[in-house]
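Me: I have a model open and would like to go through it residue by residue. Could you help me read it?

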Amino acid sequence: LRFAALSRTSNRKLMVLDEPDCWMKPERVPAFMRVLAEVAEKARTQTILISHHEPSHFEGSINIVRLFKDANGIVRTEVLEPRNGVMWLDDDEPGIRSIRLINFRAHVDTTLPLFPGVTALIGDNDLGKSTLAVSALRAVAYGEADDTLIRHGASEARVEIRLEGGRVIEWVRRAKGSPKVSYALH
């Protein structure tokens with residue numbers, strides 16, 4: 001139903017499906033992913049899927065980014081092979097190219113690269129997958145933010161959303177000072 005609603009708008013088409021939206025038995029994941037990829041393509045909707053499932057369940061139809069902690073305990077991303085071969089063909093094609101979080105909850109400096117169609121963000125529990133996609137986008141788009149988003153010991157949290165044409169939306173929440181929140185378009 002969400003895809004149907006998005007197909008009727010002239011606004012930017014973005015869908016985020018968090019783990020509760022797509023919780024299912026592992027053996028059902030491949031069929032769901034095929035349907036999801038087809039619907040996203042036909043609806044021309046960029047989709048971020050947050051999952052704990054293994055890459056083997058995605059059967060070549062979804063681009064996969066894995067979230068993990070490095071040897072120093074810092075959260076990082078790794079693009080697994082772009083499974084569907086779809087990359088940004090034109091720099092002016094509408095879509096979010098990446099989301100970068102700096103001192104935003106558990107993320108010291110984490111960049112989530114995004115692709116046309118469906119990008120699955122996978123990884124273990126409690127790494128900040130939902131923070132990276134859901135909380136960051138809600139803070140920027142809806143102003144759903146408070147000081148708990150600022151990483152412990154940091155003076156501010158920052159979200160950078162890279163768009164087509166090299167444009168970047170920058171959102172900053174400061175622990176002190178005025179204004180508490182600022183936006184910039186670069």
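Me: What is threonine 110 in contact with, leaving aside its neighbours within four places in sequence?
Reply: Threonine 110 is in contact with Leu67, Val75, Thr77, Ile99, Arg100, Leu101 and Leu132. Contact here means heavy atoms within 4.5 Å. Please note that this is a predicted model, in which local features need pLDDT of at least 70 and side-chain atom pairs count only at pLDDT 80 or more, while totals for chains, interfaces and linings use all residues. Residues are numbered from 1 along each chain as its sequence is written, and side-chain values use heavy atoms, with hydrogens and water left out.

Me: Which element holds threonine 110?
Reply: Threonine 110 is part of strand β6, residues 107-113. Helices (H or I, at least four residues) and strands (E, at least two) are DSSP runs, numbered from the N terminus.

Me: Is threonine 110 buried or exposed?
Reply: Threonine 110 has a relative accessible area of 1%, so it is buried. The term buried means under 20% relative accessible area, exposed means over 50%, and partly exposed lies in between, with a 1.4 Å probe and protein chains only.

Me: And what does its side chain reach?
Reply: The side chain of threonine 110 reaches the backbone oxygen of valine 75 at 3.3 Å.

Me: Let us step back. How many helices and strands are there in the protein chain?
Reply: The protein chain has three helices and 10 strands. From the N terminus on, the order is α-β-α-β-β-β-β-β-β-α-β-β-β. The radius of gyration is 16 Å, close to the 16 Å that the globule rule gives for 186 residues, so the chain is as compact as a globular protein of that length. That radius is taken over C-alpha atoms, and the globule rule is 2.2 Å times the number of residues to the power 0.38.

Me: What share of the residues is buried?
Reply: Buried residues make up 44% of the 186 residues in the protein chain. As for contacts with a separation of 6 or more, 61% of them are accounted for by residues 24 or more positions apart.

Me: How far apart are the mean positions of the positive and negative charges?
Reply: The mean positions of the 26 positive and 25 negative charges are 4 Å apart. Lys and Arg count as positive and Asp and Glu as negative, while His and the chain ends are not counted. Each charge is placed at NZ of Lys, CZ of Arg, CG of Asp or CD of Glu.

Me: On to leucine 137. Where is it, and what does it touch?
Reply: Leucine 137 is in helix α3, residues 129-142. Not counting residues up to four places away in sequence, leucine 137 touches Leu14, Val16, Ile48, Ile99, Tyr142 and Ile161. Its relative accessibility is 13%, so leucine 137 counts as buried.

Me: What about arginine 158: buried or exposed?
Reply: Arginine 158 is buried, with a relative accessible area of 19%. Arginine 158 lies in strand β8, residues 156-163. Leaving aside neighbours within four places in sequence, its contacts include Arg100, Phe104, Glu170 and Trp171.

Me: Which side chain does arginine 158 join in a polar contact?
Reply: A polar contact of 2.4 Å joins the side chains of arginine 158 and glutamate 156. Such a contact is a pair of N or O atoms within 3.5 Å; within protein, one must be able to donate a hydrogen and the other to accept it, and residues adjacent in sequence count only if both atoms are side-chain atoms.

Me: Now tyrosine 183. What does it touch?
Reply: Not counting residues up to four places away in sequence, tyrosine 183 touches Ala139, Val140, Gly143, Glu170 and Trp171. A polar atom of the tyrosine 183 side chain lies 3.0 Å from the backbone oxygen of valine 140. Tyrosine 183 lies in strand β10, residues 181-185, and is partly exposed at a relative accessible area of 47%.

Me: Where is proline 179, and what is the peptide bond from serine 178?
Reply: Proline 179 is in the loop between β9 (168-174) and β10. The bond from serine 178 to proline 179 is cis, with omega near 5°.

Me: Last topic: what is phi of arginine 105 and of aspartate 126?
Reply: Phi of arginine 105 is near 50°, a positive value in a residue other than glycine. Arginine 105 lies in the loop between β5 (96-104) and β6. Phi of aspartate 126 is near 65°, also positive in a residue other than glycine. Aspartate 126 lies in the loop between β7 (118-122) and α3, and counts as exposed at 77% relative accessibility.
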